[in-house]
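Open your viewer and get ready to select a few things in turn. We will start at the ligand and then move on to a single residue.

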Amino acid sequence: MNKILITGATGFVGSALAANLLAEDTRVVALSRTDPGGQRTRAAVEKAASGFGLTLSPMQWSRLSIVEVDFRALDQTLQPHVFEGVTAVWNVAAEMTYSLKKVIDSVDQNVVASSMLYKLASQHASSCQRFYHVSTAYTVGFGNNDAREEINFTPKLINSYQLSKWMAELALIHSQKERGLPLAIFRPSVVIGHEQTGWSSGASFGMFLMAAAVLYGKQAGSAQLRLHLDADTRPNLVCIDTVIRRAMALMKAESPARQPTEIFNCIGDECVTMADVVEQLQTMIGVQVTLGPPVTETDAQLNAVFERNKQFANGRWVFNSERLQQTLGEEYGPVTMTQDIIGRSVLHYVAHKVAEAKAEERSNAAA
Ligand SMILES: NC(=O)c1ccc[n+]([C@@H]2O[C@H](COP(=O)([O-])OP(=O)(O)OC[C@H]3O[C@@H](n4cnc5c(N)ncnc54)[C@H](OP(=O)(O)O)[C@@H]3O)[C@@H](O)[C@H]2O)c1
């Protein structure tokens, strides 16, 4: 039976991957920080399973083990026996901050901890077929619109996240040459909710940061909001279930054609325009949104919420996923992005935020 070691199982992508692996009877070892009893990880995986419409049986749950580690000292806190029987590693965890003030935290987790995990896996996981590292399609950087499944050695990088994810790709490729454990760098673009249920974890990242900005404007009482974005860009959005389906299919596609080091872009296949995305934001959040420079003080504030993603949202990359398509063949399964899919995703995010705010109100009232 396969046994997959995962990091990041308390997060959006990692919890979804863990839930889907358990649902197909795979054993999962989740490495988590600050989760001594494993409750945080279990709760996240349970929510993801429910978001995918999956019910895990007690037997399937029994195949999940959670190991608490300190990612800053993996060599001291991750015991070699944890790697016994591990058939693949999925390194999903990442420090997601964009802040350049936190660049050391980003490098510590995204570069150093990832490289240490690769090193430990190559030393102790004797049954491991491949180390999968989740990166981002935006390591291509700015200034090169042709986002291919290769390293861009001259990228323009603008924040700690993008910088550290790019550095991690280089470090891991270098380690692979030295240590030999096959490596796949798996790069999603902007991950949105489940195609059918709209489920996401509620984290305000990527498109959801735009939704957070619009929610902020609505809560400030404005009837009309302006987002300073280009109407005709085509943001590359990919549903969480597409990402997970392709990730799982990759593990089944181990064949002589696979390479020691591979880079795959996991992207949306046909994309709607920014104007279409904004139309869904306004419909689902219930406030009028137009595109253009801020007019009111509230506009300025909500654009500030969204500022760190603006350059990405206005970017005009052409993402290529030829290698992933070739490797997966029919399993690739292109998905055309539609306004309905985006609408469900926004609706789920908004419901999540409303529930979160109500829970906070209740706990404040009780305090
Ligand atoms: N979401 C997207 O749109 C998107 C797009 C492209 C690529 N990706 C990639 O997908 C992966 C997962 O992203 P996500 O959306 O699932 O993010 P997420 O929901 O924020 O989850 C991040 C995960 O990483 C862990 N983590 C964060 N900072 C850490 C640190 N300093 N040390 C150790 N663990 C840390 C978190 O653990 P705690 O619960 O302990 O904080 C959590 O398990 C990342 O590698 C990201 O680069 C995501």
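How many residues surround the ligand, and which are the closest? There are 24, and Thr10, Val13, Arg33, Tyr161 and Lys165 are the closest; a residue joins this shell if one of its heavy atoms lies within 4 Å of the ligand.

Before going further, note that this is a predicted model, in which local features need pLDDT of at least 70, side-chain atom pairs count only at pLDDT 80 or more, and totals for chains, interfaces and linings use all residues. Residues are numbered from 1 along each chain as its sequence is written, and side-chain values use heavy atoms, leaving out hydrogens and water.

Next, colour the shell by residue class: 13 are nonpolar, 7 polar and 4 charged (Ala, Val, Leu, Ile, Met, Phe, Trp, Tyr, Cys and Pro count as nonpolar, Asp, Glu, Lys and Arg as charged, the others, Gly among them, as polar).

Now show the backbone of Phe12, where a polar atom is 2.9 Å from an oxygen atom of the ligand. At Ala94, a polar backbone atom is 3.1 Å from a ligand oxygen. The protein buries 87% of the 900 Å² that the ligand exposes when taken alone (Shrake-Rupley method, 1.4 Å probe).

Finally, select Asn236. Is this residue buried or exposed? Asn236 is buried, with a relative accessible area of 7% (buried means under 20%, with a 1.4 Å probe and protein chains only). A polar atom of the Asn236 side chain lies 2.7 Å from the backbone nitrogen of Gly268.

Note on methods
Buried means under 20% relative accessible area, exposed over 50%, partly exposed in between (1.4 Å probe, protein chains only). A polar contact is a pair of N or O atoms within 3.5 Å; within protein, one must be able to donate a hydrogen and the other to accept it, and residues adjacent in sequence count only if both atoms are side-chain atoms.
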